[in-house]
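This briefing is meant to be read with the sequence and the three-dimensional view side by side. Please look at the display first and then follow the notes by topic.

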Amino acid sequence: MIVIIDVNILLACGAVYKKLKPKEIIFSEGEAGYNYYQLVSGSVRWINIDEEGKEYIQYIVEPGECFGELPLIDDEPYAATAMAESESVILKLNKEHFLQLLKENPEIHFAFTKMLVKRIRYKFLLTKAIAYLNPENRLIELLNYLKAE
């Protein structure tokens, strides 16, 4: 995945660095969202946790990628919990400044929108793969997608 927003642009808009320890929670499912996050180094996992404490991994965030962006667009709470997988560094930009950045930079807005669409397509692929009765077809579909990426 490409870096959606250059670090220098984020810093110029007021973003701040934050160091994270392994297993540190960045935000929790159900909380209101007020910030744009971009991973600088390390690894972050986006997870849902069921009532038995089992984790369902929604996405593993890699350096340069953003996460937790849904509440910035729809004003709904976070759909998953974000947790540092390892020692990590993130950039955090408040929602107001993030939305202003998108308004003033159509090329960034377009790249951001394209990234969201890509993630939606991936979720469609997973849903389709789960619907297959044959486990081999599930794996083939997923491997073909990952190969293309």
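E52 is exposed, with a relative accessible area of 60%, where exposed means over 50%, buried under 20% and partly exposed in between, computed with a 1.4 Å probe on protein chains only. The model is a predicted one, in which local features need pLDDT of at least 70, side-chain atom pairs count only at pLDDT 80 or more, and totals for chains, interfaces and linings use all residues. Residues are numbered from 1 along each chain as its sequence is written, and side-chain values use heavy atoms, with hydrogens and water left out.

**Salt bridges**

- The structure holds six salt bridges, a salt bridge being a side-chain nitrogen of Lys or Arg within 4 Å of a carboxyl oxygen of Asp or Glu.
- E52 pairs with K54 in one of these, at 3.9 Å from N to O, and K54 counts as exposed because its relative accessibility is 53%.
- K18 and E24 form a salt bridge in which the closest N and O atoms are 3.7 Å apart; K18 is partly exposed at a relative accessible area of 35%, and E24 is partly exposed at 24%.
- E55 and R45 form a salt bridge whose closest N and O atoms are 3.3 Å apart.
- Because E55 lies in strand β5 (residues 55–61) and R45 in strand β4 (residues 44–49), the pair ties together parts that are 10 residues apart in sequence; helices (H or I, at least four residues) and strands (E, at least two) are DSSP runs, numbered from the N terminus.
- In this pair, E55 is partly exposed with a relative accessible area of 38%, whereas R45 counts as buried at 13% relative accessibility.
- R45 and E55 also belong, together with E85, to a network of salt bridges.

**Helix packing**

- The axes of helix α3 (residues 95–104) and helix α4 come within 5 Å and cross at roughly 110°; axes are lines fitted to C-alpha atoms, for helices over the stretch in contact, and angles run from 0 to 180 degrees between N-to-C directions.
- F98, L101, L102 and E104 in α3 meet P106, I108, H109 and F112 in α4, with contact meaning heavy atoms within 4.5 Å.

**A129 in helix α4**

- A129 lies in helix α4, which spans residues 106–131, and counts as buried because its relative accessibility is 7%.
- When residues up to four places away in sequence are not counted, A129 touches R138 and E141.
- The C-alpha atoms of A129 and I140 are separated by 8.9 Å, with the two residues 11 residues apart along the chain.

**Strand β3**

- N35 is placed in strand β3 and is buried, with a relative accessible area of 13%.
- Leaving aside neighbours within four places in sequence, N35 is in contact with G68, L72, Y78, K92, L93, N94 and K95.
- The C-alpha atoms of N35 and T127 are separated by 28 Å, the residues being 92 residues apart along the chain.
- V40 also lies in strand β3 (residues 35–41), and V40 is partly exposed at a relative accessible area of 34%.
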